[in-house]
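My entries follow in the order I made them.

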Amino acid sequence: METNPFAAEDVNPFASGVGPDSKVPPADVVGGKNAAIATIPLDTTGFVETCAAGVVVEEKNWPPFFPIIHHDIAKEIPLHAQKLQYLAFASWLGLVLCLVFNIIAVLVCSLQGGGITIFLLAIIYALSGCPLSYILWYRPLYRAMRTDSALKFGWFFLFYMVHIGFCVLAAIAPPIVFKGKSLTGILAAIDTLSDSALVGVFYIMGFASFTLESLLSVWVIQRIYMYFRGQE
């Protein structure tokens, strides 16, 4: 009986070895005798992943308990620039703390008869200020330090000056700019002291926090400008 020429050969495609009947050529045949065998690492714990389309995806790793951003100064920023980057990071965290404490102080004022409007505005300031500050000036600075990009440095300087202007206005809290007592500036603190000592104390603490943030921010932009000009 003749054999069927179209019958499929009983070959295991997942076999690890290369036998004499295997149709897969050995490694030293493909690409030459000294051809290297490419291996694909399965570890996905790295901080950067590259998609098939060539798009770099940064793994979110901060804060550790609930990662929402990618942040690794020690590994990605040059050693000589890490101190400045940590100072800028402290400035960004300072702004976040100022806005969060502002919500607490305004909540106390709202419960003491200040109304719900100022509390809602304080929440809006925090929900918009925290992510926008990260997107508009902290992340550009992070990438500028990592790649030494003059364009990203310019973007940082532009929006960091906006940040400083906001902090100074928040420390003053003029009623012509911000409605009522939605920010814990010195003018709002003086006004609340006459009505409630408790609210006044909270507003004075808020004024102190925005003042410290303003001073820190001015110092940070001076240091980064000197670094950018090659004087740091």
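**Burial and numbering.** I call a residue buried under 20% relative accessible area, exposed over 50% and partly exposed in between, using a 1.4 Å probe and protein chains only. By that rule, buried residues make up 35% of the 232 residues in the protein chain. The model is predicted, and I note that local features need pLDDT of at least 70, side-chain atom pairs count only at pLDDT 80 or more, and totals for chains, interfaces and linings use all residues. Residues are numbered from 1 along each chain as its sequence is written, and side-chain values use heavy atoms, with hydrogens and water left out.

**Elements.** I took helices (H or I, at least four residues) and strands (E, at least two) as DSSP runs, numbered from the N terminus. The protein chain has 6 helices and 2 strands. Read from the N terminus, the order is β-β-α-α-α-α-α-α. I then looked at contacts, meaning heavy atoms within 4.5 Å. Of the contacts between residues at least 6 apart in sequence, 56% join residues at least 24 apart.

**Helix 2 against helix 3.** How do helix 2 and helix 3 lie relative to each other? I used axes as lines fitted to C-alpha atoms, for helices over the stretch in contact, with angles from 0 to 180 degrees between N-to-C directions. The two helices pack at about 175 degrees, and their axes are 9 Å apart. Helix 2 and helix 3 are therefore roughly antiparallel; angles under 35 degrees count as roughly parallel, over 145 as roughly antiparallel, 65 to 115 as roughly perpendicular and the rest as oblique. Their contact has 25 nonpolar, 7 polar and no charged residues. For these classes, Ala, Val, Leu, Ile, Met, Phe, Trp, Tyr, Cys and Pro count as nonpolar, Asp, Glu, Lys and Arg as charged, and the others, Gly among them, as polar.

**Two residues of helix 2.** I checked Ser110, which lies in helix 2. Ser110 counts as buried because its relative accessible area is 15%. Leaving aside neighbours within four places in sequence, Ser110 contacts Gly115, Ile116, Ile118 and Phe119. Leu107 is also placed in helix 2 (residues 82–114), but is partly exposed at 34%. The C-alpha atoms of Leu107 and Val199 are 9.4 Å apart, although 92 residues separate them along the chain.

**Core.** A nonpolar core here is a set of buried Ala, Val, Leu, Ile, Met, Phe, Trp, Tyr and Cys residues joined through side-chain atoms within 4.5 Å. The largest has 52 residues, and those with the most contacts inside it are Tyr138, Met145, Phe153, Tyr203 and Ile224. Helix 2, helix 3, helix 4, helix 5 and helix 6 each supply at least two residues of this core. Helix 2 gives the largest share, 15 residues. I followed up Tyr203: not counting residues up to four places away in sequence, its contacts include Ala105, Val106, Cys109, Ile118 and Leu183.

**Helix 4.** What span should helix 4 have, and does the model agree or disagree? I took the expected span as 1.5 Å times one less than the number of residues. For the 23 residues of helix 4 (residues 150–172) this gives 33 Å, and the end C-alpha atoms are 33 Å apart, so the two agree. Its buried residues include Phe153, Phe156, Phe157 and Tyr160. Among the elements covering the buried residues of helix 4 are helix 2, helix 3 (116–147), helix 5 (186–193) and helix 6 (197–228).

Most residues other than glycine have a negative phi, and most peptide bonds are trans. Ala173 sits in the loop between helix 4 and helix 5. Is Ala173 buried or exposed? At 6% relative accessibility, Ala173 is buried. Asp148 also has a positive phi, near 60 degrees, and lies in the loop between helix 3 and helix 4. Asp148 counts as exposed, at 59% relative accessibility. Asp148 and Phe228 are 80 residues apart in sequence and 9.0 Å apart in space, C-alpha to C-alpha. Last, I noted that the peptide bond from Trp62 to Pro63 is cis, with omega near -5 degrees. Pro63 is in the loop between strand 2 (56–58) and helix 1 (73–76).
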